[in-house]
Amino acid sequence: MRAPLLVPALLRFPGSAARQDSWGRLLKVTAGGAELSTAARLAKGDVLQLQFELGGERMALPARVHHAYDDDDGQRVAELRWSDMVERRRLARALVGLLSRA
Amino acid sequence: MAAIGVLAKEAADRELLGLMLGELGHRVEGAARLEEAVEFARERKPAGFLIVDGAGADGESLTRELLRAFPLLPVVAALKVRDANRAVALMRVGACEVVAPPWTPEDLKASVSKGLRFQGTALSVAAAAPLSRSPLWYVLSVALFLAAGLGAASLKRAERNRAAAAARTDRWELPVRHPAGLAFDGKSLWLIEWFTQSFYALSPADTAVQLVRHLTAETPVAAAFTSEAMWTVSADGTVIRRMRDDKMTPLTRYPRAAPNSAGIAFDGLYLWALDGRARVLRKHLVDRELSVLATYPWRGLKAAGLLFDGASLWTLDAADRRLMRHALDRPQDVIAAVPLPEYAEGAYVPVGAAWDGARFWTVGEAKDGKGPARLVRHKEEPR
């Protein structure tokens, strides 16, 4: 299933990272992770928190960058893996609810 | 290339964005007000719209109104002031891309071309499939498989070599005379020299100098690294959090937060500082004031360095020529000690220590202060 719009996401980094908040669009969301398009220069191993809304529910999921590369437009595409099991289960429930209503 | 509308209240913004988009090959039409933009969109049917948010223009309502009239029109927003929450709010009302200031042709090109090929997020409960790999990845995989298949003989030989290397102590003479500390950033060793107010990044493989940075405004005495920030301490006790870029750009200063510093270390949550004069270890919360959470007595004779090895704190005692291990929950106790026989002759005094994930490194200053400093990679300690 594809959403009519790309889900926007706020990117927050741990204080020790000394990085400004940034933003991006979720190209893909699953219970295991997400694919994100962003102008932020993410690199493999980076830790961040992703905040977005899904089906009216606010999500704030800690994640780690598993793989990242520049796309043809020069933006960064990052494959993220969720690192918090509790939040991950909450996202899975939201996805099941959303997809069952579609 | 496609026609693009630019909706910006200020003429200077329209002109700048028009020039940049023109350079990218787009035909551009500027509009100062929403009515003009709607008129242009109705008549010319542009491929997309670029809206400037800020300086009196509410990009959120402009985007909403434009999309109300033309629901399938890709809208890209350009922020006058960088604000991640604002960017997300604009995307929520329908902007497909948001460009951060300062606007550059590269950013505009990426955002506009992506906006013109706009699609929705793919939703799935199943875990993400791995991204498609390049042919190089498959070639490397096969090469790795073959390498692994070479057999136990080569593995055994490598293990023998590794054991021999682990038992060996290496020494290098350095091109500096007055080292003040040592730190490891995950790739390089960082030597701090107070006399020339310099940082030297050294390769752990051969101690080749990879980078030199001079600080003219302060005298550095210690440093520590987190995954993305560098912390330094000056002789007056000022702690500075810096970006890990080539310029070591300072981000935050904490005046006199770590007086008489013999070393600092970051344990992943707290910043620790060893006060050589007061002989105490201080645990700092990384907040606006770098508040001291607790102070613990340090039971050594002459404090010379502090490091974190991923599990425990280690302090360097220059008088006893040994490294002392401290548990994070009871740092006042010494739970183990590693002697440094390399300094037994007394020609060198250890002044800094670092941990590279496998071994300790120390740097020593010639006792008379005239000879070159010496870097020592110590033998691997059983863990």
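Two strands are taken to pair if DSSP finds at least two bridges between them. With that in hand, chain B of this predicted model shows an open sheet of 4 strands, ordered β8-β9-β10-β11, with antiparallel pairing. At the edges stand β8 (179–184) and β11 (209–214) of chain B; each has a single partner strand, so one side of each is left without a neighbour in the sheet. On average, and ignoring direction, neighbouring strands here are turned by 20° against each other.

Now for the pairings, taken one by one. β8(B) and β9(B) run antiparallel and are joined by 5 bridges. One residue pair to look at is Phe184(B), whose bridge partner in β9(B) is Leu189(B). The hairpin made by these two strands has 4 residues between them, and Gly186(B) takes a positive phi there, near 105°.

Moving along the sheet, β9(B) and β10(B) are also antiparallel, again with 5 bridges joining them. Trp190(B) finds its bridge partner in β10(B), namely Ala201(B). This hairpin, too, has 4 residues between its strands, and here Gln197(B) is a residue with a positive phi, near 55°. Then comes the pairing of β10 (residues 198–202) of chain B with β11(B), antiparallel over 5 bridges. Within it, Tyr200(B) has Val212(B) of β11(B) as its bridge partner.

How much of strand β9 (residues 189–193) of chain B is buried? The strand is mostly covered, with 5 of its 5 residues buried.

Chain B puts 35 residues in contact with 38 residues of chain A. On the chain B side, the elements that give two or more residues are α4 (84–92), α5 (105–116), β6 (122–123) and β14 (239–243).

Notes. Residues numbered from 1 in each chain as written. Chains lettered and ligands numbered in written order. Predicted model: local features only at pLDDT ≥ 70, side-chain atom pairs only at ≥ 80, totals over all residues. Axes fitted to C-alpha atoms, helices over the stretch in contact; angles between N-to-C directions. Contact = placed C-beta atoms within 7 Å. Buried ≥ 20, exposed ≤ 12 C-beta atoms within 10 Å, placed from the backbone.
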